Amino acid sequence: MTAPLLIFFVLATLAVLGAVSLILQRHPIHSALSLIVVMVALAGLYLLMGAEFVAAVQIIVYGGAIMVLFVFVIMLLNAEEEERTNFSKLATYAGIPLAVAMTGLIAAAIARSSGALPAPAPSGALTSTKTLSMLLFSEFVYPFELTSFLILVAILGAIVLAQRES
Amino acid sequence: MVPTSHYLLLSAILFGLGIVGFVFKRNIITLFMSIELMLNAVNLAFVAFSQSLGKPYGEVFVLFVIVVAAAEAAVGLGIIILTARNRRSLNVERVDLLKL
């Protein structure tokens, strides 16, 4: 087993364990910490694939900003342990099999078409930040400017929603 | 070298776990975290395809997805704060004003 494959399996196991822990934990703050583990593992996988800028953004924006926002809200609302309400029968008996079936379906489709996928680029083929930024500021400049507008609207919306009515 | 199908399989598994979390959790904040998990799974597939095809477009798309996720988190958490203030609970079962 080559070293990249070994690193992949370690990080993949970490990500899946974090995701399972996100579901099994009862307290939201434990779920949030599990989600941070998943995000750091995914950043490692991006580095393994050579997407260095995406890995950095994943750590800074997801692991940093968004998760801090989540933990902040959990503390602000003083969230307690999830109370156990009786599940609907449909969710219990149809939900898990359907979720497993869907994952299996996707996996089967991938396994069947894996021969059609082009071979991965040779290792060391980093997508440089320069390439990415050239693309972002030339070909994708209109979507890029639109996202700034989206962020502005989101900030205004969040302020209006969360302010206390006097 | 890790085959692309490995990354896609991991992406599918994480997406499935996100769905399970979204269906079975009762806390509204945890539901939101399950959505973030699904977005992350999709991002992984995007980067895997981008590397596999040797073109950087997938990574640019991932950046846009992250921006939209950040905006969604800001607005969504605002809604959660509002809901928690009005209903005095974070349990989604208690948010049933539209239920007959």
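Modeller: A residue counts as buried if 20 or more other C-beta atoms, placed from the backbone, lie within 10 Å of its own. By that rule, 25% of the 166 residues of chain A are buried. This is a predicted model, in which local features need pLDDT of at least 70 and side-chain atom pairs count only at pLDDT 80 or more, while totals for chains, interfaces and linings use all residues. Residues are numbered from 1 along each chain as its sequence is written, and chains are lettered from A and ligands numbered from 1 in the order in which they are written.

Now the contact side. Taking contact as C-beta atoms, placed from the backbone, within 7 Å, 70 residues of chain A touch 60 residues of chain B. At least two residues of this side of chain A come from each of H1 (3-24), H2 (28-49), H3 (52-76), H4 (89-113), H5 (129-138) and H6 (141-162); helices here are DSSP runs of H or I with at least four residues, strands are runs of E with at least two, and both are numbered from the N terminus. H2(A) gives the largest share, eleven residues. By type, the side of chain A that touches chain B has 57 nonpolar residues (Ala, Val, Leu, Ile, Met, Phe, Trp, Tyr, Cys and Pro), two charged (Asp, Glu, Lys and Arg) and eleven polar (the others, Gly among them).

As for the chain itself, chain A has six helices and zero strands, in the order α-α-α-α-α-α. An automatic or database assignment divides chain A into domain 1 (1-80) and domain 2 (128-166), with 23 Å between their centres, taken over C-alpha atoms. Of the contacts in chain A between residues at least 6 apart in sequence, 54% join residues at least 24 apart.

Terms used: Two residues are in contact if their C-beta atoms, placed from the backbone, lie within 7 Å. A residue is buried if 20 or more other C-beta atoms lie within 10 Å of its own, exposed if 12 or fewer, and partly exposed in between; C-beta atoms are placed from the backbone.
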